[in-house]
Amino acid sequence: MKTYQDLLKKLIIFRQERQWEEFHKPKDLAMAAAIEAAELMQEFLWKTDDEILVQVSKDKERFADEIADTVVYLMLLANDLGIDMYASIEKKMKKNAERYPVDKCRGKSTKYTNL
Ligand SMILES: [Mg+2]
């Protein structure tokens, strides 16, 4: 079974082979992640929910590519900052569970500060 660490290792090797570390400053990785997220948003822009469903069924790879691009930059950024992404997500989920207790927020989109 492949793990997050296996994927991260592949990304790091891919970057090392191309000597791209010098370009991957934290600022640039953060910007690249945001730009890739914007490319993903562009696929949705001005489309109705139904049009998006049709588009995704016709060309899911296009959406998958943009999601992957975004996640790849975030994985590299977290690694370079010494952040254990797996542990960070688990920790954040615990915080979110405290902020959004099921009995208070079930079926609501209200921000935790207004619950
Ligand atoms: Mg892209």
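A pocket here is an open set of grid points with protein on both sides within 12 Å along at least five of seven lines, and its lining residues have an atom within 4 Å of a point. The model you are looking at is predicted.

**Stop 1: the largest pocket**

Select K10, L11, F14, R15, W20, H24, D69, V72, Y73 and L76. These residues line the largest pocket. The space inside comes to about 190 Å³. Now colour the lining by class. Six residues are nonpolar, one is polar and three are charged. Then colour by helix. Helix 1 and helix 4 each give the lining at least two residues.

**Stop 2: H24**

Stay with the lining and pick H24, one of its residues. Where does H24 lie? It sits in the loop between helix 1 (4-17) and helix 2 (26-44). Is H24 buried or exposed? The relative accessibility of H24 is 15%, and buried means under 20%, so H24 counts as buried.

Show the neighbours next. Leaving out residues up to four places away in sequence, H24 touches R15, L29, L76 and D80. Draw a distance to the R15 side chain. The side chains of H24 and R15 make a polar contact at 3.1 Å.

**Stop 3: the core**

Select L8, L11, I12, L29, M75, L76 and L77. These seven residues form the largest nonpolar core. Helix 1 and helix 4 (60-80) each supply at least two residues of this core. In soluble globular proteins, nonpolar side chains tend to be buried together.

Centre on L11, which belongs to this core and also to the pocket lining. L11 touches V72, M75 and L76, not counting residues up to four places away in sequence. L76, too, is in both the core and the lining.

**Stop 4: Q19**

Go back to the loop between helix 1 and helix 2, and select Q19, which is found there. Q19 counts as exposed because its relative accessibility is 60%, and exposed means over 50%. Check the backbone as well. Q19 has a positive phi of about 50°, although it is not a glycine.

How far apart are Q19 and R62 in space? The C-alpha atoms are 27 Å apart, for residues separated by 43 in sequence.

**Stop 5: W46**

Move to the loop between helix 2 and helix 3 (49-58), the place of W46. W46 also has a positive phi, of about 70°, and is not a glycine. At 77% relative accessibility, W46 counts as exposed.

**Stop 6: D84**

Finish in the loop between helix 4 and helix 5 (85-99), where D84 is found. D84 is partly exposed, with a relative accessible area of 44%.

Last, select Q5 together with D84. The two are 79 residues apart along the chain, and 9.9 Å separates their C-alpha atoms.

Technical notes:
Residues are numbered from 1 along each chain as its sequence is written. This is a predicted model: local features need pLDDT of at least 70, side-chain atom pairs count only at pLDDT 80 or more; totals for chains, interfaces and linings use all residues. Side-chain values use heavy atoms; hydrogens and water are left out. Helices (H or I, at least four residues) and strands (E, at least two) are DSSP runs, numbered from the N terminus. Buried means under 20% relative accessible area, exposed over 50%, partly exposed in between (1.4 Å probe, protein chains only). A polar contact is a pair of N or O atoms within 3.5 Å; within protein, one must be able to donate a hydrogen and the other to accept it, and residues adjacent in sequence count only if both atoms are side-chain atoms. Contact means heavy atoms within 4.5 Å. A nonpolar core is a set of buried Ala, Val, Leu, Ile, Met, Phe, Trp, Tyr and Cys residues joined through side-chain atoms within 4.5 Å. On a 1 Å grid over the protein atoms alone, a cavity is a set of points where a 1.4 Å probe fits but cannot get out, and a pocket is an open set with protein on both sides within 12 Å along at least five of seven lines; lining residues have an atom within 4 Å of a point. Grid points are joined across faces, edges and corners, and a volume is the space filled by probe spheres set on the points. Ala, Val, Leu, Ile, Met, Phe, Trp, Tyr, Cys and Pro count as nonpolar, Asp, Glu, Lys and Arg as charged, and the others, Gly among them, as polar.
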